[in-house]
Amino acid sequence: MTRILRNLVVWVRVPLCIAVVAALCCIVPAGCTWVSEAGEEEHPLRVTVLDVGQGLAVLLEHDGRFALYDAGPDSAGVADSLGARGVRELEWVVLSHNHRDHVGGFVELKDIRVKRLFVGPDTAGGVWRDSVLYIAHKREIPVDTLLRGRTLQFESSGGSSGDGFSGFGEVPDIRVLWPTDYDVVSGNHGSVVLQVVWGKASALLTGDLDSLGERGLLELSPTLTADLLQVGHHGSAGSSGLQFLAQVSPEYAVASVGATNPYGHPSEQVVQKLKYVLGDSLRFFRTDKDGSACFELWPGMGVISP
């Protein structure tokens, strides 16, 4: 950055404040596009882990279209947060499992159109599961179950079949890695895990997946890696095993936790493991201290941190 500013000041001979703005604009500001080496215009996929207190809600945005992975707890202002970001319609919502801190906010999305709802095979959390399905039925939202092997995508801005799926290459590829169709799972262990791939960039959304689920996932995907990791179960000591973290080898990690939560999340044990794997404590974000954390996945560049 210093070299860029020095060159701008010497060569262009403009005031330093203008040089700073110019340098920042060269870095890729939010809302801009990037031209690849092949001359093709690229659009980032934005992944925002929303500050919803002790819960999880992850907003995905690509080319003006939005989707949601988990909806946070009820009364956490998720609907207001989405509205403030200009979200009026969600291509789809994925609810990883039926715990209140992940699905409660869905029942409050009254002013936001949800085109499709995806859930896992989790049969726990009966009250919240029934509430979600009731709301979906009342609003005529199609509901489908996700298992490993499914691929979920944004619609292409140029048009697609309209069911939330389209051909590879046109839009980010979102793969369901867990759970499987041959295992009976529920609760945290049954969390739907998504791998988001957009060119050279990738992110892994793990919900509340526990250590047992992590081991099962690695058996099925032994070469699994991701540039950005949503830390499982809010950084609980029962998740984020060292073998799992080392294999995924993220550049950035973010934990969604509530300030002064009674569970002690994220656990110091997990924080230390993340620092070891990341190699830099500044690459670990937590919503109780940093607020909502936004990352950009660029197909030709990788992940850009906040």
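This predicted model holds 1 cavity of 30 Å³ or more. About 30 Å³ of space lies in that largest cavity, and its lining includes Thr 206, Glu 214, Gln 230 and Phe 244. Around it sits a protein of 306 residues, 52% of which count as buried, with 9 helices and 19 strands. Here's a quick tour, topic by topic.

**Cavity and pocket**

- The rest of the cavity lining is made up of Leu 209, Leu 229, Gly 232, Ser 240 and Leu 245.
- Strand β15 (228-230) and helix α7 each give at least two residues to that cavity lining.
- There's also open space to look at: the second largest pocket has about 180 Å³.
- Its lining is Pro 266, Glu 268, Val 271, Ser 281, Leu 282, Phe 284, Phe 285, Arg 286, Lys 289 and Asp 290.
- Three elements, α8, β17 and α9 (287-290), each supply at least two residues of this pocket's lining, and β17 has the largest share, with 3 residues.

**The nonpolar cores**

- The largest nonpolar core counts 32 residues, and Leu 60 and Val 94 have the most contacts inside it.
- Strands that give two or more residues to this core include β3 (45-49), β4 (57-62), β5 (65-71), β12 (173-178) and β18 (293-298).
- Another core, of 24 residues, lies apart from it; Leu 82, Leu 95, Ile 112 and Val 119 are among its members.
- Take a look at Leu 60: beyond residues up to four places away in sequence, it touches Leu 45, Arg 46, Arg 65, Phe 66, Ala 67, Tyr 69, Phe 154, Ile 174, Val 196 and Leu 205.
- Across the whole protein, residues 24 or more positions apart account for 64% of the contacts with a separation of 6 or more.

- In α8 (residues 268-278), the buried residues are Val 270, Val 271, Lys 273, Leu 274, Val 277 and Leu 278.
- Those residues all end up on the same side of α8, because they cover an arc of only 165° around the axis.
- An α-helix has 3.6 residues a turn, so residues three or four places apart point the same way.
- The cover over the buried residues of α8 includes α7 (242-248), β16 and β17 (284-286).
- Helix α6 (residues 211-220) has its own buried set: Ser 211, Gly 213, Glu 214, Gly 216, Leu 217 and Leu 218.
- Among the elements covering the buried residues of α6 are β12, β13 and, once again, α7.

- You'll find Gln 54 in the loop between β3 and β4.
- Its side chain reaches the backbone nitrogen of Gly 258 at 2.8 Å.
- The side chain of Gln 54 also makes a polar contact of 3.1 Å with the side chain of His 265.
- Setting aside neighbours within four places in sequence, the contacts of Gln 54 are Pro 73, Asp 101, His 234, Val 257, Gly 258, Asn 261, Tyr 263 and His 265.

**The loop between β15 and α7**

- His 234 sits in this loop and has a positive phi of about 60° although it isn't a glycine.
- With 3% relative accessibility, His 234 counts as buried.
- Gly 235 belongs to the loop between β15 and α7 as well, and it is buried, with a relative accessible area of 0%.
- Leaving out neighbours within four places in sequence, Gly 235 is in contact with Pro 266, Ser 267 and Val 270.
- Gly 235 and Glu 268 are 33 residues apart in sequence, yet their C-alpha atoms are 8.7 Å apart in space.

- A cis peptide bond links His 265 to Pro 266, with omega about -10°; Pro 266 is in the loop between β16 and α8.
- Another cis peptide bond joins Trp 178 and Pro 179, with omega about 5°, and Pro 179 has its place in the loop between β12 and β13.
- Glu 140 isn't a glycine, but it has a positive phi of about 60°.
- That residue, Glu 140, is in the loop between α5 (126-138) and β10 (143-145), and it is exposed, with a relative accessible area of 71%.

Technical notes
Residues numbered from 1 in each chain as written. Predicted model: local features only at pLDDT ≥ 70, side-chain atom pairs only at ≥ 80, totals over all residues. Heavy atoms only, no water. Core = buried A, V, L, I, M, F, W, Y, C linked by side-chain atoms within 4.5 Å. Buried < 20%, exposed > 50% of the residue type's maximum accessible area, 1.4 Å probe, protein only. Helix = DSSP H or I, 4+ residues; strand = E, 2+ residues; numbered from the N terminus. Contact = heavy atoms within 4.5 Å. Polar contact = N/O pair within 3.5 Å; in protein donor to acceptor, adjacent residues only side chain to side chain. Arc of directions from axis to C-beta. 1 Å grid on protein atoms, 1.4 Å probe; cavity = no way out; pocket = protein on both sides within 12 Å on 5 of 7 lines; lining within 4 Å. Points joined across faces, edges and corners; volume = space filled by probe spheres on them.
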